[in-house]
Amino acid sequence: MVQPGPSITSVAGDSAILLHGSERAWLAQRLPLLTDRELEVLLSVCEGGANEEIASRLCVSVATVRTHLTRIHSKLGTGRKSDLIRVV
């Protein structure tokens with residue numbers, strides 16, 4: 001019998017992220033909790049830049065980005081942007 005190995009869950013830039021079963025399950029449980037806009041903010045965080053740059057890219061205020069980040073951190077159990085990047 002073939003054991004399931006890691007699978008490619010997402011591709012960020014030129015590098016694919018390999019996740020194992022428990023990691024896939026964790027993401028599958030939490031990412032659906034995010035709204036479409038929160039997901040956009042999360043992906044913008046992964047692209048890099050300060051909150052001001054993210055706000056400019058998404059055409060929203062910095063306060064709105066901060067609000068979304070607070071909600072994302074709460075839903076994913078993270079505390080910093082670097083934690084979010086590791087999650088994605």
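Helices in this tour are DSSP runs of H or I with at least four residues, strands are runs of E with at least two, and both are numbered from the N terminus. This is a predicted model, in which local features need pLDDT of at least 70, side-chain atom pairs count only at pLDDT 80 or more, and totals for chains, interfaces and linings use all residues. Residues are numbered from 1 along each chain as its sequence is written, and side-chain values use heavy atoms, with hydrogens and water left out.

**First selection: helix 2**

Select residues 36-47, which form helix 2. These 12 residues reach 17 Å from the first C-alpha to the last, close to the 16 Å expected at 1.5 Å a residue; the expected span is 1.5 Å times one less than the number of residues. Directly after helix 2 comes Gly 48, with a positive phi near 100°.

Now colour Glu 38, Val 41, Leu 42, Ser 44 and Val 45, which are buried (buried means under 20% relative accessible area, exposed over 50%, and partly exposed in between, with a 1.4 Å probe and protein chains only). Viewed down the axis of helix 2, the buried residues fall within an arc of 160°, so they line one face of the helix; the arc is that of the directions from the helix axis to the C-beta atoms. Asp 36 and Glu 47, on the other side of helix 2, are exposed. Display helix 3 (51-58), helix 4 (62-76) and helix 5 (81-87) as well, as they are included in what covers the buried residues of helix 2.

Which side chain does that of Glu 38 join in a polar contact of 2.8 Å? The partner is Lys 75 (a polar contact is a pair of N or O atoms within 3.5 Å; within protein, one must be able to donate a hydrogen and the other to accept it, and residues adjacent in sequence count only if both atoms are side-chain atoms). The side chain of Glu 38 also reaches the backbone nitrogen of Thr 35 at 2.9 Å. Glu 38 has a relative accessible area of 2%.

Asn 51, Glu 52, Ile 54 and Ala 55 in helix 3 meet Val 62, Val 65, Arg 66 and Leu 69 in helix 4, where contact means heavy atoms within 4.5 Å.

Finally, select Cys 59 in the loop between helix 3 and helix 4. Cys 59 is not a glycine, yet its phi is positive, about 60°. Its relative accessibility of 71% makes Cys 59 exposed.
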